Amino acid sequence: DPHHYSAPEGSYASDPDGPARVRELRELVEALADDGLGTVLDVVYNHTCSSGPHCPKSVLDKVVPGYYQRRNMDGHIEASTCMNNTA
């Protein structure tokens with residue numbers, strides 16, 4: 001979820017649109033730890049739904065404007081994956 005990094009896909013939670021998806025993931029990881037199992041959160045941040053310094057939901061451009069997005073030869077942001085691609 002490009003707006004809520006490290007939040008699991010909403011369809012796995014009891015409430016896909018609310019804070020339950022984060023709370024339930026934390027509870028799952030804690031329960032696994034209580035049983036002696038380690039958890040690795042493997043993520044790939046390779047797509048964003050927003051980009052540009054003037055877009056209010058452009059998370060990465062707030063960190064380093066213009067740095068993270070892959071651009072084509074014309075300078076436009078690549079969207080070959082149906083979303084803005086990160087470099």
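Trainee: Where is the place of L60?
Mentor: In this predicted model, L60 has its place in helix α2, an element that covers residues 59–63.

Trainee: And is L60 buried or exposed?
Mentor: L60 counts as buried, because its relative accessibility is 16% and the cut-off for buried is under 20%.

Trainee: Where does Q69 lie, and is it buried or exposed?
Mentor: Q69 belongs to the loop that runs between α2 and β2, the latter being residues 84–85, and with a relative accessible area of 5% Q69 is buried.

Trainee: Let me step back a bit. How many helices and strands does the protein have?
Mentor: There are two helices and two strands, and if you read along the sequence they follow the pattern α-β-α-β.

Trainee: Which elements have the lowest and the highest mean pLDDT?
Mentor: Among the elements, strand β1, at residues 47–48, has the lowest mean pLDDT with 69, whereas α1 has the highest with 91. Across the protein the mean pLDDT is 80, and 84% of the residues reach 70 or more.

Trainee: Okay, α1 next. Which residue forms a salt bridge with E27?
Mentor: The partner of E27 is R23, and the closest N and O atoms of the pair are 3.8 Å apart; this falls within the 4 Å cut-off for a salt bridge. The structure holds one salt bridge.

Trainee: Where do E27 and R23 lie?
Mentor: Both E27 and R23 are in helix α1, which spans residues 20–34, and they are four residues apart, or about one turn of the helix.

Trainee: What is the accessibility of E27, and what is the relative accessible area of R23?
Mentor: E27 has a relative accessibility of 43% and so counts as partly exposed, and R23 is likewise partly exposed, with a relative accessible area of 43%.

Trainee: Switching to the surface: which residues make the nonpolar surface patch?
Mentor: V63, V64 and Y67 make that patch, which has an area of about 300 Å². V63 is part of helix α2 and counts as exposed because its relative accessibility is 56%, and Y67 also counts as exposed, at 56% relative accessibility.

Trainee: How many aromatic pairs does the structure hold?
Mentor: The structure holds one aromatic pair. The partners are Y67 and Y68, whose ring centres are 5.0 Å apart and whose planes stand at 85°, so the pair is edge-to-face. While Y67 counts as exposed, Y68 counts as partly exposed at 28% relative accessibility.

Trainee: Last one, on the whole protein: what percentage of the 87 residues is buried?
Mentor: Buried residues make up 21% of the 87. The accessible surface of the protein comes to about 6500 Å², and 56% of that surface belongs to carbon and sulfur atoms. As for contacts between residues at least 6 apart in sequence, 35% of them join residues at least 24 apart.

How values were computed. Residues are numbered from 1 along each chain as its sequence is written. This is a predicted model: local features need pLDDT of at least 70, side-chain atom pairs count only at pLDDT 80 or more; totals for chains, interfaces and linings use all residues. Side-chain values use heavy atoms; hydrogens and water are left out. A salt bridge is a side-chain nitrogen of Lys or Arg within 4 Å of a carboxyl oxygen of Asp or Glu. Buried means under 20% relative accessible area, exposed over 50%, partly exposed in between (1.4 Å probe, protein chains only). Contact means heavy atoms within 4.5 Å. Accessible areas come from the Shrake-Rupley method with a 1.4 Å probe; for residues, only the protein chains shown count as cover. Patches are made of residues with over 30% relative accessible area and no salt bridge: like charges are joined within 9 Å, nonpolar side chains (Val, Leu, Ile, Met, Phe, Trp, Tyr) within 5 Å. pLDDT is the predictor's confidence in each residue, from 0 to 100. Rings of Phe, Tyr and Trp (its six-membered ring) pair if their centres lie within 6.5 Å; planes under 30 degrees apart count as stacked, over 60 as edge-to-face and the rest as tilted.
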